[in-house]
Every structure is written in structure tokens, then in C-alpha cells.
Amino acid sequence: MQSRILKHFLAVAEHHNVTAAADALHISQPALTKSIKQLEKDIGVPLFERHQKGVILTLEGEALARRARLMDLEYRHALAEIKAIQTGIAGILRIAAGPVWMTTILPPVLAKFHSQYPNIHIKLELGVIDTIQSGLLEGKIDLACTSLDFSGHSEIVTENLINIQHVVVASVNHPLAQQETVSAEELKAYPWVVLTKDNVGDRRIRSFFSANGLEPPNLAIETNPIAMMKILSTGKFLAHIPERMLEDAAKFDIAQIPHKGTFWDSSAGISYRLTPYPKRMVESFIGILREYLLDESDSPAKT
């Protein structure tokens, strides 16, 4: 199968419009349409559903798109390795990380990595478990730093590096902040702020209250970490964050709400897609990260 045809297919899948895809590829619309029809003929199934405003992938098209992106990724990996051989380590390293990694762990690791590999361009993005895992499988990211509280997958390698304890937090002006210890019933009485698409975190909230014989609280607002802190500072909402983030949360006048029982403990670490030819830059970054966490373990314990 010609790589040119797959490139045409992925362009249409990305733009959801043949005309827009043709413009992006700098080819004519009839030429692009011919490529897609040829691909559908070769495979024997329709890959797109046509609509008035464009096209969407069929189930078969989605399967091909996922594999085609991985094929494209492996091709770009090969080019990156060739360039590294010719000019030294270079390329793009795409990392997705959870909030606690972004704010408390990765900054010094990124600084050290850049000092050793200045020609590597790093793309760091924030994510939650569900979005990060799908990004790994689709070949959109090279390395994930997050909680490992998800089902195993044959194409993903995981390595536990630290343990994360989540705590309940609120504004220092919240009514519950004045109490020494609060009950699950009291926590349920207030609305909660959660991270966008954090299905694992939402399930943990429900599990905590279910274990206490209660229905889940009102998960009132779904947003990003920074907005969460600003919303909490209004004094009306509760949320949960990793204990490691309490120091950063304090800058927003956010404090821990001591309560009865354990909220959520989980292992955390790295995950990446299994491949017979791993990126050297991924291995290098993991080595620096392991070294940093090993040095940190000699300091006062953090969870």
C-alpha cells in the first residue's frame, strides 16, 4: 500500500473535509478523492461517511486511522534516528503528564534534560489518565507521567516510580476548614470541582462516599487545574489533589481538609508504547527522571 495514499487518508480524517484536506496537501480535490476511492477499493469497505458539511470516519476508518498514525509515527521515528546519527541527538519528545508531575516533579527534570540534550525540542502537555492512555495508543505522545490507576494494555509498558496520596482541599475560608476533622457526611454536603475528563478521579470520589454508605456528592464543575484553584478560593467548593501539590495550592489560600478515612492512594510513574525500536531520547529522559526521584527519596519523604 502506497504511503502517499495513507497520507491522503489521514489528511481527510484530520480535516473532516476533502476540500480542506486537499488544500493542506497542495493537491487538487479530484486527485484526493481518487486516492480515497482507490484506498476504499483496495480495502473493500467504506472509510468515510459523507455528509453535507464534510466526512466522518466509519468504524473501519477509525481502525485504519489509528494504525496509520502509528505507521506514520514509526516512519518519523526512523527519520529522527537517522538525523540523530548524522548531527547528534535531535528531534521532538512529546510528554503528557498529570498535574502533580507538571508542577512538582518534572520542572527540574526538564531543566537537566535540556542542559544535556539542547537539540531536542520538548512538547509537554497536561492530561488525565483517560486522555493520556489513548494518546499513547494512538501514537500522539511518546511518554506519559501519571498515576498508573488504569487497566493494563499489551501495547503499553508501565513502571511504578512513586506513590501518590490524594487529599481533600478547600479554601482556608471554607466552613469545613475551621474543623479539626470532618466526616464523609459533611464532605458530601458541599459541591465539588473536578478535572476535565478525569473519569478515574471521579470514580474514586464515588468509591470513597460509597464506602461510607453515601451517595456521591454534587460534582458541580469540571475544569483545568488552575481554574480549579481559583474556583476553590471562592470558599464554596471542595476538590481532591495529590498531597504533593499542597504547597502550590497554599499560594491560592487552599488548604487540606482533614477527614476520617483514606481518600485515594495510588502508584504513579511512567508509561510508554511498546516498540522494538524505542526512542533514545525517551530512554535518556527516563534515566534522568529515575535519578531525580532516587535523589529525592533521600530527602524528607513526600507522597
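How many aromatic pairs does the rule on ring centres give? The count comes to seven, where rings of Phe, Tyr and Trp (its six-membered ring) pair if their centres lie within 6.5 Å, and planes under 30 degrees apart count as stacked, over 60 as edge-to-face and the rest as tilted. The structure is a predicted model, in which local features need pLDDT of at least 70 and side-chain atom pairs count only at pLDDT 80 or more, while totals for chains, interfaces and linings use all residues. Residues are numbered from 1 along each chain as its sequence is written, and side-chain values use heavy atoms, with hydrogens and water left out.

One of the aromatic pairs is formed by Phe 113 and Tyr 117, which is tilted, at 5.0 Å centre to centre and 35° between the planes. Phe 113 is buried at 0% relative accessibility, whereas Tyr 117 is partly exposed at 22%; buried means under 20% relative accessible area, exposed over 50% and partly exposed in between (1.4 Å probe, protein chains only). The pair of Trp 192 and Phe 209 is edge-to-face because the ring centres are 5.9 Å apart and the planes lie at 85°. This pair links distant parts of the chain, 17 residues apart, with Trp 192 in strand β7 (residues 192–195) and Phe 209 in helix α8 (residues 199–211). Helices (H or I, at least four residues) and strands (E, at least two) are DSSP runs, numbered from the N terminus. Both Trp 192 and Phe 209 are buried, and together with Phe 208 and Phe 263 they form one aromatic cluster.

The largest nonpolar core has 40 residues, of which Trp 101, Leu 232, Ile 241, Phe 285 and Leu 289 touch the most other members. Such a core is a set of buried Ala, Val, Leu, Ile, Met, Phe, Trp, Tyr and Cys residues joined through side-chain atoms within 4.5 Å. With contact taken as heavy atoms within 4.5 Å, and residues up to four places away in sequence not counted, Trp 101 touches residues including Cys 145, Thr 146, Leu 161, Ala 268 and Leu 289. Thr 146 lies in strand β5 (residues 143–147) and is buried, with a relative accessible area of 5%.
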